[in-house]
Amino acid sequence: MMMDDDVEEALAPYQDKPRTFPIMRSKSKTPWILRVLFGLNRRVYYLLSVLVLGALFYIGVNTSPIIVFVFGLCSLSLIFALYLATWVLAKDEGPPEMSQISDAIRDGAEGFFRTQYGTISKMAILLAFVILGIYMFRNTTSQQQSSGLERSSLAFITVISFLLGALCSGIAGYVGMWVSVRANVRVSSAARRSAREALQVATRAGGFSAIIVVGMAVMGVAVLYATFYVYLGVDQANSMKVTELPLLLVGYGFGASFVALFAQLGGGIYTKAADVGADLVGKVEQGIPEDDPRNPAVIADLVGDNVGDCAARGADLFESIAAEVISAMILGGSMAKRCKIEDPSGFILFPLVIHSFDLVVSACGILSIRSTRDPSVKSPVEDPMAILQKGYSITIFLALIAFFGSTRWLLYTDQAPAAWLHFALCGLVGIITAYVFVWISQYYTDYKYEPVRTLALSCSTGHGTNIIAGVSLGLESTALPVITISVSIISAYWLGRTSGLVESDGTPTGGLFGTAVATMGMLCTAGYVLTMDMFGPIADNAGGIVEMSQQPDSVREITDLLDAVGNTTKATTKGFAIGSAALASFLLFSAYMDEVSSFAHQPFNQVDIAIPEVFVGGLLGSMLIYLFSAWACAAVGRTAQEVVNEVRRQFIDRPGIMTYQEKPDYGRCVAIVASASLREMIKPGALAVISPIVTGIVFKILGHYTDQPLLGAKVVASMLMFATVSGILMALFLNTSGGAWDNAKKYIESGALGGKGSEAHKAAVTGDTVGDPFKDTAGPSLHVLIKMLATITLVMAPMFL
């Protein structure tokens, strides 16, 4: 297998010293299109950049000054991202043994990424043809008919949106992986000098990825909106109204969700199967450290951190922002239309402006983390988590200022002069919700606090008690987040409803848009939150490189500290992600009901679960969450079994591995995990895509014969509602319990309860093994699943009528 050969070429046999890894790379692993771009003359590159920016600003000028403002901030953010990349890549890679191990990780990650995204792209193209066929025969709204928008035009617009969303999501994933495989060794090298410098390098590397992902999400939606605005002649005589335009963007969100789901599934299966196999045989059976070079699965484990945590998380957050922006634009346009607001562009484009400011405030937060310590100080004297939280506090403070300014600028209307203040308070509710979610996740997963320490104590009485304690902790951890979400939704809804905006008949409106603004408030610091998330796997990889290259204990102490903090930041950002997914799914659900009303030409604003078929749809939605989670965890288990058997075989067949006389077959483990994860991601992914479509069509046919014309749409709405509720609870349980088990193990490895090698440590490793597919495969995939269910129902809504 080519991937097997690549890694075997990358890691040559041991020499006299066990930490020596000869030159590993002989050919470029960069995709051909990037090699072409990198090979261009700088003047050509500048010329192309000027032409692209000129075209963007041309369509922006012909759309709205707000779009020009968004393009300007996004362009500046891309320049800032290039500065971060240049700064990080200018750092040294350390001694040869470090850079050569990093090369092996890079080869494995890029090889898997090419294969995985090749598979995903084929499925996306096939689905694009299916969407094209469906839209050629679908109904159109009365507004689309009056504007002269033909079915064929609508079909191609939706397919182009879908493919662009899928492409941008894939690029977001690649950017996350590209920076992590180059920053890991630089963090390792910086750790030889000081903990603060290592923290700064890891943070800026994560910041580069975060700024690119958020900037692309905003720019992609803005470009699509402006292009359709100019192409369709929006707001001209006998043409589409601007309030209808956001409905044409739903394909973009669906494409982003589709790619993100399979990226998260494939990457999650890869990283956790390799991790479980390496831990069970290496740590428990052989008693060697986690990232010991003698472990045949160690390279696969380190590769998994990049393809699972970096690439998949980049695609995940890209999809979150795209789905939230589009749903908020739909609701803003709908509300402006009902209230007969003279210029609705401010309400429609408000989400794009907020996320443009997100780029600015997140950049300030990233830059606030500086390397101020004396490089000669090698021992960690500061808590990295405290430093990151300080940057988060700065980001939140600046976000508040930007949010209040944006609401006054864009949401002020003479019809309700106080409405902008109400919506600003909705944003404040969202910002507070995000902060509370991060705090709750940290409380339940950081070993500084009581829950994880109690969990670690349960390890002293055995494996079984550890599992019981971890499951109970995960179940308990759902309470506070659900209460927080409930309070935030109700608060934002009533703030919006009392804003003073009313429909033509005097009915108060603005409640749903208030929840949309709260969701934007929660995600208005997404850039910095993703930075903290990317920090985790980069620090984890850095620790692996330090251990494999057998650096001094003082260096390993620094990377261990950063790794433990990285586990906490990953857990907190997953909590943040599921909170934002809950609010965004509520918006998407409301947008779905609005779209059904438009196509059905009758009100559709409630779902009656007393109707048997509708109740059954809810049951099917809840079942989908549990079945999807089961298949995702089972996929990790099956793949891990293959890795365990292979690692055991190598230790038996090559006894010289333990004495450094023989080199493990790293490539074989990489090949096993890569092929198995690609195979295993298909079934749960297909389940998620096909289930709502089949359910809607089946009950549409049943409704036709029972004289219930909206039955298919109602059942899908119920399915979506119950799946969202079940998915939120399940994801909270999986993410928190998995993160707590992981940090309970780290707490024991820090010297508590007997330290490494003790019976408590073995029990903690078992808990960590159980929690791995929870927190890094099934849990994060559910974030994407519940949003993808909403976007796919938005795209396919006419099929259910």
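The lining of the second largest pocket has 24 nonpolar, 16 polar and 7 charged residues. Here Ala, Val, Leu, Ile, Met, Phe, Trp, Tyr, Cys and Pro count as nonpolar, Asp, Glu, Lys and Arg as charged, and the others, including Gly, as polar. The model is predicted: local features need pLDDT of at least 70, side-chain atom pairs pLDDT 80 or more, while totals for chains, interfaces and linings use all residues. Residues are numbered from 1 along each chain, and side-chain values use heavy atoms, without hydrogens or water.

The volume of this pocket is about 1400 Å³, meaning the space filled by probe spheres set on its grid points, joined across faces, edges and corners. A pocket is an open set of points on a 1 Å grid where a 1.4 Å probe fits, with protein on both sides within 12 Å along at least five of seven lines; lining residues have an atom within 4 Å of a point. Of the 47 lining residues, Leu 331, Leu 512, Ser 590, Met 593 and Asp 594 are closest to the centre. Helix α19 gives the largest share, 10 residues.

Helices are DSSP runs (H or I, at least four residues), numbered from the N terminus. These give two or more residues to the lining:

| Element | Residues |
|---|---|
| α10 | 298-338 |
| α16 | 479-497 |
| α17 | 511-523 |
| α19 | 553-600 |
| α23 | 711-749 |

Helix α18 (residues 526-548) reaches 34 Å from first C-alpha to last, close to the 33 Å expected, which is 1.5 Å times one less than its number of residues. Just after α18, Gln 550 takes a positive phi of about 55°.
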